[in-house]
Amino acid sequence: MNVNVCIRYILATVAMVAALGAPTRALAQQGTATIAGTVTDSSNQQPVPGVQITIAGTARGTLTDEGGRYSLRGVPPGTVSLRVQRLGYAPMERSVVVGANQSADVDFVLTPVARVLSEIVATGYGTSIRRELSSSVSSVSGEEVQNSVVAGVDAALQGKAPGVQVIQNAGNPGVGITVRVRGAASVSASNQPLWVIDGVPMLREDFGQMALGGQDITAVTGISPDEIESIDILKDAASAAIYGSRAANGVIMIRTKRGRAGAPKFSFNAYTGIQETAKKLELLNSREFVEYANEAFTNDGYAEVFEPGIDDAISTDWQQAVLRSAPVSDLFLSVDGGNERVRYLVGGSYFDQKGIVLGSGYDRQTIRANLDFDPTSRLSFRSSLALSRELHERIENDNTIEGVYANAIANLPMFPVRRSDGSFTDPTDVVGVDDDVPLTYINPVAVGELSFNESRTLRTYGTIEGSYRISDRLRLNARGGYDVLNLRDLAWESPNVIGSAGESARGRSTQANNTATRYMIESYLGYDYGGSFAQVNFTAGSSVEWNTEENDFLRGEGFAHTQFQYPGNAADVTLYDGDRTGHNLVSFFGRANATISDRYLISGSIRADGSSRFGKENRYGYFPAISLGWIMSDEPAFAGLQRLADVKLRVSYGETGNQDIGDDFAPLAKYEEAKYSGAPGIAPENVANAELKWETNREYDVGLDLGIFGGRVTLVADWYLKETDDLLIQRPVTRTTGFDDVWDNIGKIENRGWELGINTVNLQPSARDGFRWETNFNISWNKNKVTELYNDEPFPAGFDGINRYEEGLPMGAFYTVLFTGVDPDNGNALFFDKDGDGETGEDPDDRMMVGSPHPDYWGGLTNTVSFKGFDLRAFVQFSQGGEIYNALRAYADDGMWSLGDNKLRHVLKRWRNPGDITDVPRASWDGVSLAYIPSSRWIEDASYIRLQEITLGYRLPQRYAGLANMSDARIFVSGRNLKTWTDYLGFNPEANSAGSGSLTTMANEFYSYPLARTITFGVQGSF
């Protein structure tokens, strides 16, 4: 990135906006007007607080107070259009004529409407009232994600919006979360959505360099849910295409809280609580293990390996040894206020979550300052600045033999945690008849207490934007944004953990640093036209974005003392690496929206993106979209329908792209270091492909928005078809080129599905504090299918190659031999002989599709009840129909093929005598029972229903809150992850031990971190 160019561009833009604003000073000196009045509810004639009143086409505005009163000063003389809007009411717009130095009284009466139809929705480079949308957008309020006991806003979205699948891959605090909007659509580029905060696309990737068993961290956790005002999810291509090449996986728009005119208002929100493990694996105790192991040996004609009464005298619960009750707390403080010209919000938060597993935890501190400044009636500025610091205390887990919880599951119960002298047991300790069975894995408590892995993130991001109203209809907007992130990893492997890599290296320290930056500048014009027949809005502009990433990696081994834990203190630096990369993006975009006769909606957009990541033949991609809407209930021919319901039909088509392949120079012929006999040199690294281009999504959407019973029941339904073409894949090339593969555009994937969201007001009170009951329900169906691959060649992925990518199958389909049961005569596993050759078990020709990692449907149900200050919310999340590969069973349910691993209590149902009917093969040390063979036996139903949250709150009456000079006060108690109903034997039926960054490994659990159950107590208020 050329920083000087960026600075010059920003200065020029600011100068341009300032110059355009100069003539307004003379106007301001001529005198301004004041408009005041009240806003009431048409249904009960009560005042409506919190109504937003703005001058159309400007950022100048105010809010009504508790009595529904407002006063808007600094209004330019002449005819102005006042726009009045509040969630839950139909918006209004009225023209008012005022003279210089005069006052006008203007009252408004708002009509309640369906909540979902009155929402103000962020659409990218603008906002819209949901009633006027012709595309598919889901919204989640800031209140819905606040006080969720999770590190990031991504996890807080789970079950909240139709079409959005949020997967908590493991229970590690701050762990990376998988988010899929209308399914996965790529095998090499990212499947995560684009996150846009206050108009700036933010860094979202995992910039860590430590491979800790698959579970990653992402930059999304740097956003505090406490700071969020609202979240809008652009799901279909028609809504997301305005972001072009980065919108293939949907766009999540976040608006942070901003200041409101008035006296300074201090707000706070705090909770503290305790976490316990929600589920422990049911493993064998020492007596059961000794019996099972001896049976495995005698079944195969060997002598018993353990002596009952001696070797099972000690029975250690290794899981309990590494688990703990862990505190969690969150505190958010803010102050906001100002006047019609200047409004501000300054806030800070502190989130601290200790892990329920020894050695793990996460904490985050954030500071935010948002400022709105309207120097004149035509010119306005908005700025946002955020600083954050995160500390991930990470432990190796998921696919490792040196993990804290992984080893706690695997280690045999006959060994104590410590010897009689207080030292840790280790692989030198043995049991058995001949003292030949060791503690196979290193002591997990020793790892948790003596070694550590921490990732520290320092980050700042923000934006400054200006808007100048050239005329009542024409606006010029300019914005500059940035996101700068530094992540430092530090891992210490103690030499005192016997049997570990740290011991053999006499102590090992690894330090890595990664700095990622994103700078963006953009400007765009907006034009509004409003007449009796049509209202039209045009937006057109351009943007430039620079991205860089620099990293280094250092490892040292051999330490004189355990107090020295940095690579610089090591006797030998065994590994060093460093790199720099970057990519740029230049874009041009335009959009037009029209509302004709207040019932016909049309919207069209196009974006052209030029990326440095692609070849010179296809550097630019073009992404058009169009959507149509018809408010059928406003049609004169259906006048009778209008009294019963609000009905809107939508249809859209759009194209979006994907450029996130992780290789900034994929189309170029690159060179790498190639030393020879100590002399420096370079050598070719890859095959160039100047024709490399974007992945392209083509998406069709048909939707229905329905409101009945005066808005007490609203329904939003969508059907979609998303076709992904030109997959970015490293296809094989002939070895005569000197290389194995080359980046190319080959392959297709299809996603199609249904979404349904229903909101109901089941009981509506006549008085403000009466009994009210609301229900929010959403459900999503998605069918995924690979429709084309290179040369029709399938390829495997996942643990044991269990996932498969093949034309006609869903992505990551489970592909292995089919387990058909246990032979009741001899207790051996039986498998389907697909090819009919008489050989089963490990015959690769018998493998077949045996399941899918994709659920048939998923969603969430929230019930909220309030009465006289009390409020009760219950949230249930569900997922049905998918499967999961429980790879843990390869060691914990293998018939004693691996003697050094403890087993699931599930094996107590094993075959023991002829005639036994069971699905668990007999114990066999030699593996004759074939229990060790990977098969559909280890693929389980991942369906679940989870009571995710119950919150009970009480809002203190004003007379009591006022005693503490507070205008509002609420106390609450909340429980999260309270109960999960599932048949799955593992920890978490939605787990994926490959982490959120995995593209091809799906629904594989291998010694994952357990989920926590949390109870919290909190208080929130303002004064």
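Colleague: At the start of helix 7, which backbone nitrogen does a side-chain oxygen of Asn285 reach?
Modeller: In this predicted model, a side-chain oxygen of Asn285 comes to within 3.2 Å of the backbone nitrogen of Arg287, at the start of helix 7.

Colleague: And what is the reach of helix 7 from its first C-alpha to its last?
Modeller: Helix 7 covers residues 286–299, which is 14 residues, and it reaches 20 Å between those two atoms, close to the 20 Å expected at 1.5 Å a residue. Just after helix 7 comes Gly301, which takes a positive phi of about 85°.

Colleague: How many of the residues of helix 7 are buried?
Modeller: 10 of the 14 are buried, so helix 7 is largely enclosed by the rest of the structure. Among them are Phe289, Val290, Tyr292 and Phe297, and the buried residues also include Glu288, Asn294 and Glu295.

Colleague: Changing topic, how confident is the predictor, in terms of mean pLDDT?
Modeller: The mean pLDDT of the protein is 90, and 96% of its residues reach 70 or more. Over residues 1–30, however, the pLDDT is below 50, and that stretch has 28 contacts in the model beyond near neighbours in sequence.

Colleague: Now the strands: what is the order in the open sheet of four strands?
Modeller: The order is 41-42-43-46, and the pairing is antiparallel. Strand 41 (795–797) and strand 46 (848–851) stand at the edges with a single partner strand each, so one side of each has no neighbour in the sheet. From one strand to the next, the twist averages 50°.

Colleague: How many bridges join strand 42 to strand 43?
Modeller: Two bridges join strand 42, residues 803–805, to strand 43, residues 813–816, and Arg804 stands opposite Ala813 there.

Colleague: What about strand 39, which residue in it is the bridge partner of Ala717?
Modeller: That is Leu756, and Leu756 also stands opposite Ile779 in strand 40. Strand 39 (residues 748–763) runs antiparallel to strand 36 (residues 713–725), with 12 bridges joining them, while 15 bridges join strand 39 to strand 40 (residues 772–788), again in an antiparallel arrangement.

Colleague: I'm also curious about Ser467; is it buried or exposed?
Modeller: Ser467, which lies in strand 25 (residues 452–469), counts as buried because its relative accessibility is 17%, under the 20% cut-off.

Colleague: Which side chain does the Ser467 side chain join in a polar contact?
Modeller: The side chain of Asn477, at 3.0 Å. Leaving aside neighbours within four places in sequence, Ser467 is in contact with Arg378, Leu379, Ser380, Leu476 and Asn477.

Colleague: Last topic, backbone angles: what is phi of Asp198?
Modeller: Phi of Asp198 is near 50°, a positive value in a residue other than glycine. That deserves a look because most residues other than glycine have a negative phi. Asp198 sits in the loop between strand 14 (194–197) and strand 15 (200–201), and Asp198 is buried, with a relative accessible area of 12%.

Colleague: And where is Lys868 found?
Modeller: Lys868 is in the loop between strand 47 (857–867) and strand 48 (870–880). Phi of Lys868 is near 45°, which is a positive value, and at 48% relative accessibility Lys868 counts as partly exposed.

Terms used. Residues are numbered from 1 along each chain as its sequence is written. This is a predicted model: local features need pLDDT of at least 70, side-chain atom pairs count only at pLDDT 80 or more; totals for chains, interfaces and linings use all residues. Side-chain values use heavy atoms; hydrogens and water are left out. Two strands pair if DSSP finds at least two bridges between them. Axes are lines fitted to C-alpha atoms, for helices over the stretch in contact, and angles run from 0 to 180 degrees between N-to-C directions. The expected span of a helix is 1.5 Å times one less than its number of residues. Buried means under 20% relative accessible area, exposed over 50%, partly exposed in between (1.4 Å probe, protein chains only). A polar contact is a pair of N or O atoms within 3.5 Å; within protein, one must be able to donate a hydrogen and the other to accept it, and residues adjacent in sequence count only if both atoms are side-chain atoms. pLDDT is the predictor's confidence in each residue, from 0 to 100. Contact means heavy atoms within 4.5 Å.
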